[in-house]
Amino acid sequence: MAQVTLDRVRKTYPNGFEAVQPCSVKIPDGELVVLVGPSGCGKSTLLRMIAGLEDITDGALSIGTDVVNDKDPADRNIAMVFQNYALYPHMSVAKNMGYGLKNRGASKAEIDAKVQEAARILNLGDYLDRRPSQLSGGQRQRVAMGRAIVRDPELFLFDEPLSNLDAKLRNQMRIEIRALQQRLGVTSVYVTHDQVEAMTMADRIIVLNAGRVEQIGTPTEIYEYPASTFVAGFMGAPPMNLLTAQIFEGALKLNEDTVLPITAPAGMGHKVLVGLRPEDVRLGGDGSVLFNVEIVEELGANRLLHGKLGGQDFSLSVGKDEAARTGVQPITLPVARVHFFDPDRGTRI
Amino acid sequence: MTDITETHVTSPAPSRSTKRIRWSQVFDHTILCTGAFFMLFPVLLVLMTTSFEDADIVRNGLQFGFEGQMLENFDAAMFEAAGFSKAITGTRMLMNSLILGFGFAIGKIVISMMAAYAIVYFRLRFATFAFWIIFTTLLLPLEVRILPSYEAIQSLGLANTYSGLIIPLIASATGTFFFRQFFRSIPEELVEAARIDGAGPIKFFIDILVPLSRTMIAAIFIIMFVYGWNQYLWPTLITTDEGMFTLVRGIKQIVQVLSQTGAMIPEYGKALALSLIAMIPPVLIVIFFQSWFVKGLTESDK
Ligand SMILES: Nc1ncnc2c1ncn2[C@@H]1O[C@H](COP(=O)(O)OP(=O)(O)O)[C@@H](O)[C@H]1O
Ligand SMILES: [Mg+2]
């Protein structure tokens with residue numbers, strides 16, 4: 001177990017593409033950090049640099065106390081779980097899990113013991129003699145986990161490990177992985193594009209956008225205080241409403257008819273982005289703010305109402321017991337839970 | 001609008017024991033049997049002819065029916081010394097052919113796997129260029145470059161040796177090409193997982209790549225063995241010593257030699273027996289590796 005430090009780590013691919021801009025992060029010992037962002041934002045690149053599968057263009061990476069920039073993946077004492085599992089198709093489950101140990105020169109008895117132990121933890125005992133092709137997706141995923149565990153690594157790396165599973169299994173494995181990680185207490189970096197996975201699993205989230213770190217924080221921090229419109233829009237489903245408002249004598253105007261009952265932030269120009277979480281907004285009110293509901297989305301536990309507020313797209317979420325209908329209706333905005341963003345740079349004010 | 005309702009389809013009761021004749025199946029089998037007959041008939045004819053005396057064969061050509069000469073003819077074919085120098089027997093030729101077939105197939109697989117490994121997995125400066133250079137050798141089979149090859153082998157003192165027989169045949173791109181395509185279809189993550197598991201280049205090759213390629217190896221082995229076995233031109237050129245003759249070239253030599261010895265009748269029965277023997281090993285190889293090949297295809301996945 002070890003803490004991981006990235007000091008201005010940067011990646012430029014040989015074709016000149018800058019996939020990861022200088023990134024400095026300190027991952028405390030035993031934490032699970034989730035790297036989240038849309039497809040192509042450089043998550044895998046960053047993870048693969050930590051693994052040693054990709055050269056680090058600039059900056060220093062340390063695992064524990066050593067700078068490991070020039071170490072081989074096998075010497076970094078890490079284990080990695082891949083999206084497509086990357087199991088060796090011609091080896092049995094037991095051989096798959098033990099291969100790394102065998103290459104390290106561990107004795108047969110030691111390999112056996114460790115494989116048995118991992119199989120017990122992961123409920124794979126009955127499958128040790130099977131080939132990967134004779135297992136279901138979830139079982140293969142477990143074998144991949146087992147291969148990581150038996151090596152007793154200082155650091156687990158996961159690259160979208162649940163993307164190939166169906167939704168139900170994904171939820172189940174998510175909980176299993178989290179529980180296992182907490183039990184073993186191994187520092188972990190987990191890559192995903194799924195904000196639900198990020199929110200539920202992470203001790204700390206790193207939001208990446210186009211190779212740049214947008215925000216680092218606990219799930220609550222990220223959700224309650226998104227540092228930018230990108231984070232606000234990416235984390236949370238449905239995403240945060242972002243309304244463009246004119247500041248007119250201290251009031252926030254969406255258009256001629258709609259004035260938000262919210263005080264404008266001080267020291268702004270004449271425009272600001274107003275962020276409102278759909279679940280913070282309530283139906284009903286004094287009629288000063290009118291929401292034109294066009295579509296009602298039924299989700300079972302709650303309902304989403306989509307429509308227009310002052311001519312701009314707007315959504316809100318109500319509980320399953322509240323009546324929901326289309327048409328114009330009054331709403332109440334949460335004065336205490338309004339987020340303001342700079343309209344030009346998208347940063348939080 | 002119509003209501004969506006659940007419908008229950010009752011499947012017809014299974015009709016056992018009333019096997020109806022399916023005409024398409026009869027048709028398929030007719031074609032198969034006809035094809036098999038056309039393929040096997042000449043072989044059968046040759047087999048029957050080997051039971052006749054040489055004099056009969058010279059007079060009447062290929063024969064139907066069985067006479068008593070078959071054992072003698074096969075015995076002579078396998079064990080009787082022949083040729084100008086009486087240095088060659090059928091067993092010796094069979095052994096030479098086997099050495100050529102196995103040596104060629106195994107050599108080819110080893111060399112081309114290693115070449116493909118280098119091209120696909122190592123960041124060589126001119127890897128693509130090297131591959132295309134290798135690839136162009138497909139345009140230059142041995143028959144095209146036979147004189148320079150002969151010169152080279154001759155001046156290396158390898159004429160009338162097994163190395164001289166096998167090595168020039170190995171130099172062609174087919175195997176490299178197939179293995180390259182195959183290696184490129186192996187997922188990148190597998191390579192990376194192996195790297196993290198501490199498998200260096202040699203371990204990765206032996207522990208992962210070779211076992212994964214076993215179906216490919218079996219397929220190429222079949223093709224290459226038969227190709228090597230059937231070689232005629234190159235062995236004719238490079239082996240002048242009768243002790244080095246392979247079956248395929250030796251058969252003709254025997255008939256020729258005997259017919260040139262004047263009064264004697266060419267030993268057709270013996271030659272025909274030899275040609276039958278020459279057919280057996282490739283057939284065995286195909287049968288043996290085919291089952292292996294199919295098993296590999298159905299069991300493994302990448
Ligand atoms: N070998 C490479 N050469 C050049 N560009 C690459 C290479 N690998 C990835 N990229 C680019 O880098 C960006 C980040 O890739 P990646 O880290 O795989 O994204 P993701 O966040 O989806 O995992 C992408 O735009 C991708 O096109
Ligand atoms: Mg990725």
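For the residue classes used in these legends, Ala, Val, Leu, Ile, Met, Phe, Trp, Tyr, Cys and Pro count as nonpolar, Asp, Glu, Lys and Arg as charged, and the others, Gly among them, as polar. The model is predicted, so that local features need pLDDT of at least 70 and side-chain atom pairs count only at pLDDT 80 or more, while totals for chains, interfaces and linings use all residues. Residues are numbered from 1 along each chain as its sequence is written, chains are lettered from A in the order in which they are written, and side-chain values use heavy atoms, with hydrogens and water left out.

**View 1. The contact between chain B and chain A.** Counting heavy atoms within 4.5 Å as contact, 20 residues of chain B meet 24 residues of chain A. The two chains bury about 1900 Å² between them, 54% of it on carbon and sulfur atoms, where buried area is the accessible area (1.4 Å probe) lost on being put together, summed over both parts. On the chain B side, B:Arg195, B:Ile196 and B:Asp197 lose the most area to chain A, together 36% of what that side buries.

View 2. Two salt bridges are found between chain B and chain A, each a side-chain nitrogen of Lys or Arg within 4 Å of a carboxyl oxygen of Asp or Glu. A:Arg151 forms a salt bridge with B:Asp197, with the closest N and O atoms 3.8 Å apart. On the side of chain B that touches chain A, helix H9 (188-196) and helix H10 (201-212) of chain B each supply at least two residues, helices being DSSP runs (H or I, at least four residues) numbered from the N terminus. H9(B) provides the largest share of that side, seven residues, and the side as a whole divides into nine nonpolar, one polar and 10 charged residues.

**View 3. The largest pocket.** This pocket, an open set of points on a 1 Å grid where a 1.4 Å probe fits, with protein on both sides within 12 Å along at least five of seven lines, has a volume of about 1100 Å³. Of its 35 lining residues (an atom within 4 Å of a point), the closest to the centre are A:Leu53, B:Tyr121, B:Arg123, B:Val191 and B:Arg195. H9(B) gives the most to the lining, with five residues.

**View 4. The second largest pocket.** Its volume is about 330 Å³, and A:Ala94, A:Lys95, A:Lys102, A:Lys108 and A:Ile111 are the closest to its centre among 13 lining residues. The lining divides into six nonpolar, two polar and five charged residues.

Terms used
Grid points are joined across faces, edges and corners, and a volume is the space filled by probe spheres set on the points.
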